Amino acid sequence: MTPDLIRVFGRIGLLSFGGPAAQIALMHKELVEKRDWLTEAQFLRALSFCMLLPGPEAMQLATYAGWKRHGIIGGLIGGGLFVLPGALVIMVLALAYGAYGNLPVVQTLFLGVKATVVVIVVEALIKIGKRALVRPEHLALALGAFIALFFFALPFPLVILIAGIIGALGQPGEAVAQVVPSGTLRRSLGVVLVGGLIWAAPFAVIASIESSFLQDIGVFFSTLAVVTFGGAYAVLAYMTQEVVISYGWLTTPQMMDALGLAETTPGPLILVTQFVGMIAGMAEGGVTMALIAGALTLWVTFVPCFIWIFAGAPLIDWLDGRPRLRGALAAITAAVVGVIANLSLWFALHVFFAEITTVSIGPLQTIRPHVASIQPLTIGLAAVTGALLLWRHWSLPLVLLISAALSLGTSIASGLI
């Protein structure tokens, strides 16, 4: 049993490029079509459940499939092998970036990556918007979330909380749902308790060595792990604001480079957190601290994903019958569209203009570009990558390579490097 699990989920992990849609399609082919490990109904119900949870739904679906096949050991194999290949690639890329990222040639190549990132986020906005904005009130929630974030700089968790409350209150009373056996509920609560202790274990070590940097890394990415509704794009703006402005671990260009690199690797996009943790660790204490910070980031980011599945999977039928819960999550998904719209505009302004000013007037707090600092090259690169990705539907790695090559060639021809 176990060798089959390792072989199948190892293959899924190695081939899991292209974002959640491609990853879920790959799992459907491997687990439903080629093998009878899940029925079509089980797969769809599990996917619906995973989309309600914070964290990467594709990784959690792999964890569920492994759990369904061989219990907790199977879940650890399924989810672990989905993450491991991408995590190893990110580790190598982060170390290389930390060593060579400041070279002019490398910075020029990443200019093309940054231009492509703007298009990537716009593409995510379009896809999620089509799925989430099915009713007028959902559009209102998306617009409200955008205004709250871009014009008033409200905290991302607060915006998500308000959206969830509005969605829950907008639903009728609870439907009669399946009664959960007390033994099942006790086991789920036990999983949450034990899993929470395992999740928090590294903090005991951090306290013993009195590292305020590692404590900040652990607390921040732990918080991020429980508010990641709607996928990684939903929290990127919040993460960028915190790591750039509040902590000063990375610069805005470095954050965009991190996203561009994470898009080209297998596994969930939320692995961008590992890259951020490693770059911050390298600045704090060299390669050793980078490896420690990266490992800590991976731990606090993904351990909760296993907890949600192992505790919640036995309760899928019960959760499916709670209309207020589903209403809250639908509202959060709608608000995420506004969150990603804020991220799109925020990234675009920082890529297309060299100088950005923060504007504060009473409760209003936003950013304003200096028109004279416009960057024609990045706008042109974004136009090319937009045409290739949104119109021609070329593969993302190829488009990133073309954009980086165009940036380098243009800079050489212009005598900039």
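The expected span of a helix is 1.5 Å times one less than its number of residues, and helices here are DSSP runs (H or I, at least four residues) numbered from the N terminus. Helix α4 (residues 57-100) falls short of that span: a straight helix of its 44 residues would reach 64 Å, but its end C-alpha atoms are only 33 Å apart. This is a predicted model, in which local features need pLDDT of at least 70 and side-chain atom pairs count only at pLDDT 80 or more, while totals for chains, interfaces and linings use all residues. Residues are numbered from 1 along each chain as its sequence is written, and side-chain values use heavy atoms, with hydrogens and water left out.

**The bent helix**
- A kink of about 150° in α4 is centred on His70, the bend being the angle between axes fitted to the seven residues ending there and the seven starting there.

**Helices α11 and α12**
- The axes of α11 (residues 252-263) and α12 (residues 272-312) come within 9 Å and cross at roughly 135°; axes are lines fitted to C-alpha atoms over the stretch in contact, with angles from 0 to 180 degrees between N-to-C directions.
- That angle makes α11 oblique to α12 (under 35 degrees is roughly parallel, over 145 roughly antiparallel, 65 to 115 roughly perpendicular, and the rest oblique).
- In α11, Gln254, Met255, Ala258, Leu259, Leu261 and Ala262 meet Val272, Phe275, Val276 and Ile279 of α12, where contact means heavy atoms within 4.5 Å.
- Nine of the residues in this contact of α11 with α12 are nonpolar, one is polar and none is charged (Ala, Val, Leu, Ile, Met, Phe, Trp, Tyr, Cys and Pro count as nonpolar, Asp, Glu, Lys and Arg as charged, and the others, Gly among them, as polar).

**Helices α5 and α16**
- Helix α5 (residues 104-132) and helix α16 (residues 396-413) have axes that come within 8 Å and cross at roughly 135°.
- α5 is therefore oblique to α16.
- Among the residues making the contact are Val105, Thr108 and Gly112 of α5, and Leu396, Ser403 and Ser407 of α16.
- The contact of α5 with α16 has 11 nonpolar, six polar and no charged residues.

**Helices α6 and α7**
- Helix α6 (residues 136-150) packs on helix α7 (residues 156-169) at an angle of about 155°, with their axes 10 Å apart.
- The two helices, α6 and α7, are therefore roughly antiparallel to each other.
- Leu141, Ala145, Ala148 and Leu149 of α6 make the contact with Phe156, Val159, Ala163 and Ile166 of α7.
- By class, the contact of α6 with α7 has eight nonpolar, no polar and no charged residues.
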